[in-house]
Amino acid sequence: MDQELVRRITPIFRQVLDTPDLVLTRELDATLVPNWDSLNHISLIIALEEELGLEFDTEELVGLANVGEMVDFISKKLKVRNGK
Amino acid sequence: MENNLIRHELRDLTLESLHEGMSAKFDITITEKDFQYFSEFAYDTAPVHNNSKIASEMGYPKPIVYGFMVFSRFSGLLGMVLPGPRTVIHTAHYAMKKPVFIGDKLTYSVEVKKIVKSVKAVILDLKVFRDNEMVLKGETQCGFNR
């Protein structure tokens, strides 16, 4: 995973999911975090868009199965935006 | 006692029809009847709301209206007008900026701050004014469920 991105978004996951010691791993998904329900997922996406200055499409988000896929997706989107 | 009969006109807005800066407002006067009704509803007879002497000791010229009561008036505005009946409230928070008293005429304002299409949500600024003085400021996140 893009570790710089992971460091940047970890505080957002911890705050939104109210889990101060949460560690983001590739395999982590909503089934493994008690507070990661549908409502908090919406708040999480909004907070990520805000922090990263990105806008996601609903269709792009649907297929993301875990944190690893989410980080890969965001990292790719940031590279496109930054022209890398 | 005077009774407020608010009739919001239902607006069936979609997420696509919203734009940032879009707003809605309504005026209402806080009545003794509203106050008594809320007091019973909330099981709140705290003296700062009902006892002039204690209200004075706490720094207010007269008993103050319940902050939750002031905020609760946003329910109809949000649910029926903007963002409207296709949405539910996800989160809401607010700060009381000034005390509110029975008889105050208040203007409620809701304005679209941000639209988050990816999760079909909208963030709105909430403000309540007495004349030109802001008495409450808040924010809410609502989601479109249909």
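Analyst: Two residues are taken to be in contact if their C-beta atoms, placed from the backbone, lie within 7 Å. By that criterion the contact between the chains takes 6 residues from chain B and 11 residues from chain A. On the side of chain B that touches chain A, the residues divide into 3 nonpolar, 3 polar and no charged. Please keep in mind throughout that this is a predicted model.

User: What makes B:Lys120 partly exposed?

Analyst: A residue is buried if 20 or more other C-beta atoms lie within 10 Å of its own, exposed if 12 or fewer, and partly exposed in between. B:Lys120 has 18 C-beta neighbours inside 10 Å, and therefore counts as partly exposed. The residue sits in the loop between β3 and β4 of chain B, and its phi is positive, about 50°, although it is not a glycine.

User: What makes B:Asp131 count as exposed?

Analyst: The cut-off for exposed is 12 or fewer such neighbours, and because B:Asp131 has 9 C-beta neighbours inside 10 Å, it counts as exposed. B:Asp131 lies in the loop between β4 and β5 of chain B, and although it is not a glycine, it has a positive phi of about 55°.

User: How do you know that the span of helix α4 of chain A agrees with its number of residues?

Analyst: The expected span is 1.5 Å times one less than the number of residues. For the 15 residues of α4(A) (residues 67-81) that gives 21 Å, and since the end C-alpha atoms are 21 Å apart, the two values agree. The buried residues A:Val67, A:Met70 and A:Ile74 belong to this helix. Seen down the axis of α4(A), its buried residues fall within an arc of 60°, so they line one face of the helix. On the other side of α4(A), A:Lys76, A:Lys79 and A:Val80 are exposed, while the buried residues pack against α1 (3-16) and α2 (38-52) of chain A.

User: Which residues of α2(A) are buried, and what covers them?

Analyst: They are A:Ile42, A:Ser43, A:Leu44 and A:Ile46. Their cover includes α1 of chain A together with β2 (87-96), β3, β4 and β5 of chain B. After α2(A) comes A:Gly53, whose phi is positive, near 70°.

User: What makes a group of residues a nonpolar core, and which residues have the most contacts inside the largest one?

Analyst: The members must be buried Ala, Val, Leu, Ile, Met, Phe, Trp, Tyr or Cys residues, joined through C-beta atoms within 7 Å. The largest nonpolar core has 24 residues, and those with the most contacts inside it are B:Val65, B:Phe74, B:Leu77, B:Leu78, B:Val100, B:Val110 and B:Ala121. The elements giving two or more residues to this core are α2 of chain A together with α5 (74-81), β3, β4 and β5 of chain B, and β4(B) gives the most, with 5 residues. Apart from it lies another core, of 5 residues, among them A:Phe13, A:Val16, A:Leu22 and A:Leu44.

User: Which residues does B:Leu78 touch, not counting residues up to four places away in sequence?

Analyst: B:Leu78 touches B:Pro83, B:Ile89, B:Val110, B:Thr140 and B:Cys142. B:Pro83 is found in the loop between α5 and β2 of chain B, and a cis peptide bond, with omega about 10°, joins B:Leu82 to B:Pro83.

Notes. Residues numbered from 1 in each chain as written. Chains lettered and ligands numbered in written order. Predicted model: local features only at pLDDT ≥ 70, side-chain atom pairs only at ≥ 80, totals over all residues. Nonpolar A, V, L, I, M, F, W, Y, C, P; charged D, E, K, R; others polar. Helix = DSSP H or I, 4+ residues; strand = E, 2+ residues; numbered from the N terminus. Arc of directions from axis to C-beta.
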